[in-house]
Amino acid sequence: MQFLYSGLTGGSIYALVALGYNIIYNTTGLINFAQGEFVMLGGMLIYTLFAVFGMPFIIAFPLAVVTALIVGLLFERVFINLVRVKSDINLITVTIAASILLRDFAMHIWGRDTVTVGEFMPVKSIELPGGVISNQSIMVIAVGACIAFILHLFLKRSKYGRAMRACFDDMTAAGICGINAVMVRVMSFGVAAAVGAAAGVLISPITFVTYDDGLMIGLKGFAAAILGGLGSFWGAVAGGILLGLLESFAATIMPSGYKDAIAFVVILLILFVKPAGLFGKRMAKRV
Amino acid sequence: MLEVRDISVRFGGVKALTDVSFTVKAGSISALIGPNGAGKTTMFNVVTGFVSPVAGSVKFMDKDITKAKPHRVFNSGISRTFQNLNIIPELSLRENMYLGIIGRDKPSVLKSAFRLNKQYWKTTSDEIDTFLEFAGVQDFQHHRPSSVPYGVLKNFEMARAVISKPKLLLLDEPAAGLNMAEKERLAGIVRKVSADGITILMVEHDMQFISSLAQYVVCLNFGEKIACGTYDEIRNNQAVLKAYLGDEDA
Amino acid sequence: MRKINPFPALIAAFILAAVGLTVENEYYLGVAVIIMIHALNATGLNILLGYTGIISIGQAAFFGIGAYISGVLSATYGWNALLTFPVAFMGAFIIAYIIGWPVLRLHGHYLAMATLGFGMIIYILMNEMDFITGGPSGLMGIGDIEFFGLYFGLDQAYFVLMSVYFVFVLFMLELFDKSFLHYKLKFIKSSESASNSYGLDTVQTKLLVFAFVAGFTAVNGSLYAFFVHFISPVSFSLKYSIELVAMATVGGLGYITGGVIGAVILGLVPELFASAEDYEMLIYGGLLAVCVMFVPGGIAGTLSRLRKKDA
């Protein structure tokens, strides 16, 4: 049972990262290879605000998320917007380049060493049937669920959310209906960065933060997104939790070094067998 | 020459084509018409192997090509043009002609890389000259497609399709986006191609363009065949008029 | 059939000869060998990315497969170095063929992620299968290349061997570039459906190109292993795959000299700014971003445009 609890914790984080991919994918059809860097950024920001400046967590958390949101907006303006020929290859390469730059800036600002954020609250272990879970993990799961729910409301109800979904259906039509497609694209990068950073904040006391964390967590988030079906909101949540569980289960039956390979095996298997993911819709191919 | 029998295609739950049958006679010019969304391009994609039908069969020169992959369909003697042209932007028009040649001859990689078949490439170069001239686009041969008028690209595409020496040529909306003069030029090229003994089947909206060319017309609507016959028969067919003009004044 | 332009290979031969005759410092000769290896890898990637349109962010894996096949056969089993090259080539070729069968049906972002995932799995296997690879601490005791009584253990000798091979490959690449394959691959890159309906078996062609480049990259890996005599997984991580993407893109995708130009420029960066080692990735990322955003065709593309304007 223990693997269930740790799997849920990791899974909530993957789900949030996967949601970040989906927000951008749904509005632009693009996979942002720098998504993981936003998670790292969230961790680093909370480290600066909470651990270094000593702000109360309740202020530091939103502040970190808003800062990441602004970075996300700038990210779109600088990198995506300026690509002259917006071909797949170019957009992929530019997000890779951007992730290198973000990682390197982080290294120069926060150094090469792992930073310790410290606990947001006194750690307690809670006895559950078949294992223990810390209140930290419970917070990760609970806050993660809250964020997912707020995001869901945002996309379903708010003006921006609906505009985002309209853009994915048909960019031109959305433009004709008076939706500012560029604005929506910028916003989606902002929101995706904010969600990623929130994940980074939540996980930081458990895993600590290093400047090059973004890569791995980003790839795992992508595995989660693709497992659930790229573009599907609840698919991302389910995919994240499923991946978390798979990983912690795998850790109980094989050497821990292989744990990280699970995500990539999942990516490959899903892409081979069912590219639309477990819950995604199949899209028609145009000749 | 081409026999389409009871073809049905589904996209998810949507019926794109239902039990469509028609034949194309060797040496003829035939046209597939119908309002938007009638399934004309889907029919093309079935014949060329890009879409597999849930039922029915396609026979070409008595060979079943229903399940054949696109490149096999080409090998059996069917070339096609595309609505969106598919001319490679980073190569000149002349270089784009090689697409028709490479698929047709499948030249040897090693011999070509080590230049052991110079004679062959010399012949193909002459051939390209002939066909560029045939379509009247030789003046633009060293231009890239982005700096060439649309009408010329349409003519060029004919040259590229014909150099692949097909027995049957499928044209996907050849006249779309052309002005009167350009349409007439293209019609002239189509006639020349037909005169060379190549059978032609086209998807087309422009009734005038069809009237001057097509001997046989098949009309689709909502994925079903509603009429077929000569151009004059089709023009006066009630079902066709209804499909094009709508119900209210029928 | 286009005319062969022998100048890139001749210029490379001239520069290498000049370097060989004037530079005595083993360290700099070593740098030259490594840059040549980068250049070949980047050129291989360029053929995938710039010609055929196959986005592969897992090339480091094939480089590593070659290095480890040669390394293990030489260090553990005492094979003659030369015999390991065909094994490395075939090994990578077969792995790429098997992996490419499902992967190459994907396009764009999916293909990028799939190749990246493959690269990561190989990287993790190199680390974890320590009973074969020596794990994170690496594999030592890799022998030297020796044939017909010639011995290539010294850096000077290796530089000569590598230079000869390099110029030879450049010449082969020029033949490839000026043959119809150039067109064939670019047709496939530009539109698979158009290529298909003109009788090109795109699936098979892409598979062969992918597998062949994998084999070629593996051979470079073997050359690397016999040069440095010590390999560890770090050299074959995702970072190297991305560096190759940067080299090919900055140099010029779709131009046969692109990979070499990119590798020379980006390969010299850490050497010229040895003090600024911290900024190496910053320069990589910055150049890559700038090239993608503002310089389509990279350096080789810009040069070719300038030349056409003059003419």
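Helices (H or I, at least four residues) and strands (E, at least two) are DSSP runs, numbered from the N terminus. Keep that in mind as we walk through this predicted model, in which local features need pLDDT of at least 70, side-chain atom pairs count only at pLDDT 80 or more, and totals for chains, interfaces and linings use all residues. Residues are numbered from 1 along each chain as its sequence is written, while chains are lettered from A and ligands numbered from 1 in the order in which they are written.

Let's start in strand β2 (residues 14-24) of chain B, where you will find B:D19. This residue has a positive phi of about 45 degrees, although it is not a glycine. B:D19 counts as partly exposed, with 13 C-beta neighbours inside 10 Å. Here, buried asks for 20 or more other C-beta atoms within 10 Å of a residue's own, exposed for 12 or fewer, and partly exposed is in between, with C-beta atoms placed from the backbone.

A:F208 is not a glycine, yet its phi is positive, at about 65 degrees. Look for A:F208 in the loop between α8 and α9 (213-228) of chain A. A:F208 is partly exposed, with 16 other C-beta atoms within 10 Å.

Now turn to a hairpin in chain A, formed by β1(A) and β2(A) with two residues between them. Strand β1 (residues 125-128) runs antiparallel to strand β2 (residues 131-134), and four bridges join them; two strands pair if DSSP finds at least two bridges. Within this pair, A:E127 stands opposite A:V132. In the turn, A:G130 has a positive phi of about 80 degrees.

Next comes the largest nonpolar core, with 280 residues. Such a core is a set of buried Ala, Val, Leu, Ile, Met, Phe, Trp, Tyr and Cys residues joined through C-beta atoms within 7 Å. Helix α8 (residues 181-207) of chain A gives the most to this core, 15 residues. Those with the most contacts inside the core are A:V195, A:A197 and A:I267. Leaving aside neighbours within four places in sequence, A:I267 is in contact with A:F222, A:A223, A:I226, C:M113, C:A114 and C:G117. A contact is counted if two C-beta atoms, placed from the backbone, lie within 7 Å.

Finally, see where chains B and C touch: the contact takes 27 residues from chain B and 21 residues from chain C. On the chain B side, the largest share, six residues, comes from α4(B).
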